[in-house]
Amino acid sequence: MCYPHDRLHEEIAFLGYYLHWSYESLLSMEHHERQKWIEKTSAINQKVNEGSTPAPAEKSILSIT
């Protein structure tokens, strides 16, 4: 079974954005290792965001109402 390319790109984009690691470094990681880093980074990001004021919801230009 092949690992889905869309999922791989999501993982690399997420970790690259938050940790600023190179594409090559992220791509060379095993799936389970990337998943662990995503889990830890998400937890830190969630804690940081809990202390901030939520942004007001914006209406989509596709919204009918």
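Here are some numbered notes on this predicted model, meant for a first look at the structure.

1. **Ground rules.** Because this is a predicted model, local features need pLDDT of at least 70 and side-chain atom pairs count only at pLDDT 80 or more, while totals for chains, interfaces and linings use all residues. Residues are numbered from 1 along each chain as its sequence is written, and side-chain values use heavy atoms, with hydrogens and water left out.

2. **Overall layout.** The protein chain has three helices and zero strands, and its elements run α-α-α from the N terminus on. Helices (H or I, at least four residues) and strands (E, at least two) are DSSP runs, numbered from the N terminus. Of the 65 residues, 15% count as buried; buried means under 20% relative accessible area, exposed over 50%, and partly exposed in between, with a 1.4 Å probe and protein chains only. The chain exposes about 5,700 Å², and carbon and sulfur atoms supply 59% of that. Accessible areas come from the Shrake-Rupley method with a 1.4 Å probe; for residues, only the protein chains shown count as cover.

3. **Contacts along the chain.** Contact means heavy atoms within 4.5 Å. Among the contacts with a separation of 6 or more, 34% are between residues 24 or more positions apart.

4. **The core.** Which residues make up the largest nonpolar core? There are six: Leu-8, Ile-12, Leu-15, Leu-26, Met-29 and Ile-38. Helix H1 (residues 5-19) gives the largest share, three residues. Such a core is a set of buried Ala, Val, Leu, Ile, Met, Phe, Trp, Tyr and Cys residues joined through side-chain atoms within 4.5 Å. Not counting residues up to four places away in sequence, Met-29 touches Trp-21, Arg-34 and Trp-37.

5. **Helix H1.** The end C-alpha atoms of H1 are 21 Å apart, which agrees with the 21 Å that its 15 residues should span at 1.5 Å a residue. The expected span is 1.5 Å times one less than the number of residues.

6. **Glu-11.** Do take a look at this residue of helix H1. At 1% relative accessibility, Glu-11 counts as buried. Leaving aside neighbours within four places in sequence, Glu-11 is in contact with Tyr-3, His-31, Arg-34, Gln-35 and Ile-38.

7. **Aromatic pairs.** Rings of Phe, Tyr and Trp (its six-membered ring) pair if their centres lie within 6.5 Å; planes under 30 degrees apart count as stacked, over 60 as edge-to-face and the rest as tilted. By this rule there are three aromatic pairs. Tyr-17 and Tyr-18 have ring centres 4.8 Å apart and planes at 85°, so this pair is edge-to-face. Trp-21 and Trp-37 also form an edge-to-face pair, at 4.8 Å centre to centre with 80° between the planes. Trp-21 lies in the loop between H1 and helix H2 (23-28) and Trp-37 in helix H3 (residues 31-50), so the pair ties together parts that are 16 residues apart in sequence. Trp-21 is partly exposed at 30% relative accessible area, and Trp-37 is partly exposed at 35%. Phe-14, Tyr-17 and Tyr-18 form one aromatic cluster.

8. **Thr-41.** In helix H3, Thr-41 counts as buried at 9% relative accessibility. Apart from neighbours within four places in sequence, Thr-41 is in contact with Phe-14, Leu-15, Tyr-18 and Leu-19. The C-alpha atoms of Thr-41 and Leu-19 are separated by 8.3 Å, although these residues are 22 residues apart along the chain.

9. **His-20.** Buried or exposed? His-20 is exposed, with a relative accessible area of 67%, and is found in the loop between H1 and H2. His-20 has a positive phi of about 60° although it is not a glycine. Most residues other than glycine have a negative phi.
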